[in-house]
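Hello,

Here is the structure I promised to pass on. Please open it alongside the notes below.

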Amino acid sequence: MVTWNSSLETGNAVVDRDHQALINQINALDDALKQGTAKEQIGPMIGFLNQYVRAHFAREEDIMRAVKCPASGQNCTAHRALIGKLDGWVTRLNADGATTSLVLEIYREASAWLQQHIVKVDCQLRGCPPA
Ligand SMILES: [Fe+2]
């Protein structure tokens, strides 16, 4: 379970709204794991994450470029790496099906990545003047 708190606030309303939607989806996967329904739900969830993450990354990268955020390049590199991970999970889901270990791996890695990335990279938006 990821709890939204002030350490995750970038100060940009668009980016923060997107991050809250992503956290809600990660928490929905956590709920599904606890309720034993994650194997059925992981396919549609990954489909949503894949689409939403790509749209969010594009929005956030545009915003960082517009405000000349010093973390802009680092942010793009990190985003490409996460998209590679998402693609890898989709490939494995399609090949092996939704195993418990894969669903747990997706939840753990996605929730850890998101929190660390927001705090370390996205929050560098805080020091940037508005575009
Ligand atoms: Fe980011």
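This is a predicted model: local features need pLDDT of at least 70, side-chain atom pairs count only at pLDDT 80 or more; totals for chains, interfaces and linings use all residues.

From α1, the residues Val14, Val15, Asp18, Ala21, Leu22, Gln25, Ala28, Leu29, Ala32 and Leu33 take part. They meet Ala38, Gln41, Met45, Phe48, Leu49, Tyr52, His56, Arg59, Glu60 and Ile63 in α2. The two axes come within 10 Å and cross at roughly 165 degrees. Angles over 145 degrees count as roughly antiparallel, so α1 is roughly antiparallel to α2. The crossing of this pair is left-handed.

Next, α2 against α3. The axes of α2 and α3 come within 11 Å, with a crossing of roughly 165 degrees. That makes α2 roughly antiparallel to α3. This crossing is left-handed. On the α2 side, the contact residues are Ile42, Gly43, Ile46, Leu49, Asn50, Val53, Arg54, Phe57, Glu61, Met64 and Arg65. Their partners in α3 are Ser72, Asn75, Cys76, His79, Leu82, Ile83, Leu86, Trp89, Val90 and Leu93. Leu49 of α2 is listed both in the contact with α1 and in the contact with α3.

Then α3 against α4. Helix α3 covers residues 72-96, and its axis comes within 11 Å of the α4 axis. The two cross at roughly 170 degrees. Again, this makes α3 roughly antiparallel to α4. Ala78, Leu82, Lys85, Trp89, Arg92, Leu93 and Asp96 represent α3 here. From α4 come Leu102, Ile106, Glu109, Trp113 and His117.

Now the whole chain. What is the order of elements from the N terminus on? It runs α-α-α-α, with four helices and zero strands. The C-alpha atoms fill a box of roughly 45 × 25 × 20 Å along the principal axes. For 131 residues, a compact globule would have a radius of gyration near 14 Å; the chain has 15 Å, which agrees. Of the 131 residues, 21% count as buried. Take the contacts between residues at least 6 apart in sequence: 76% of them join residues at least 24 apart.

On to the cores. The largest nonpolar core has 14 residues. Ile26, Ile42, Met45, Ile46, Ile106 and Leu114 touch the most other members. The elements giving two or more residues to this core are α1 (13-35), α2 (38-66) and α4 (100-120). A second, separate core holds five residues, among them Ile63, Met64, Cys69 and Leu125.

Two single residues are worth a look on screen.

Lys68 sits in the loop between α2 and α3. Its phi is positive, about 55 degrees, although Lys68 is not a glycine. Buried or exposed? Lys68 has 10 other C-beta atoms within 10 Å. A residue with 12 or fewer counts as exposed, so Lys68 is exposed.

Asp31 lies in helix α1. With 12 other C-beta atoms within 10 Å, Asp31 is exposed. Asp31 and Ala71 are 40 residues apart along the chain, and their C-alpha atoms are separated by 33 Å.

Best wishes

Notes. Residues are numbered from 1 along each chain as its sequence is written. The radius of gyration is taken over C-alpha atoms; the globule rule is 2.2 Å times the number of residues to the power 0.38. A residue is buried if 20 or more other C-beta atoms lie within 10 Å of its own, exposed if 12 or fewer, and partly exposed in between; C-beta atoms are placed from the backbone. Two residues are in contact if their C-beta atoms, placed from the backbone, lie within 7 Å. A nonpolar core is a set of buried Ala, Val, Leu, Ile, Met, Phe, Trp, Tyr and Cys residues joined through C-beta atoms within 7 Å. Axes are lines fitted to C-alpha atoms, for helices over the stretch in contact, and angles run from 0 to 180 degrees between N-to-C directions. Angles under 35 degrees count as roughly parallel, over 145 as roughly antiparallel, 65 to 115 as roughly perpendicular and the rest as oblique. A crossing is left-handed if the near helix is turned anticlockwise from the far one by less than a right angle, and right-handed if clockwise.
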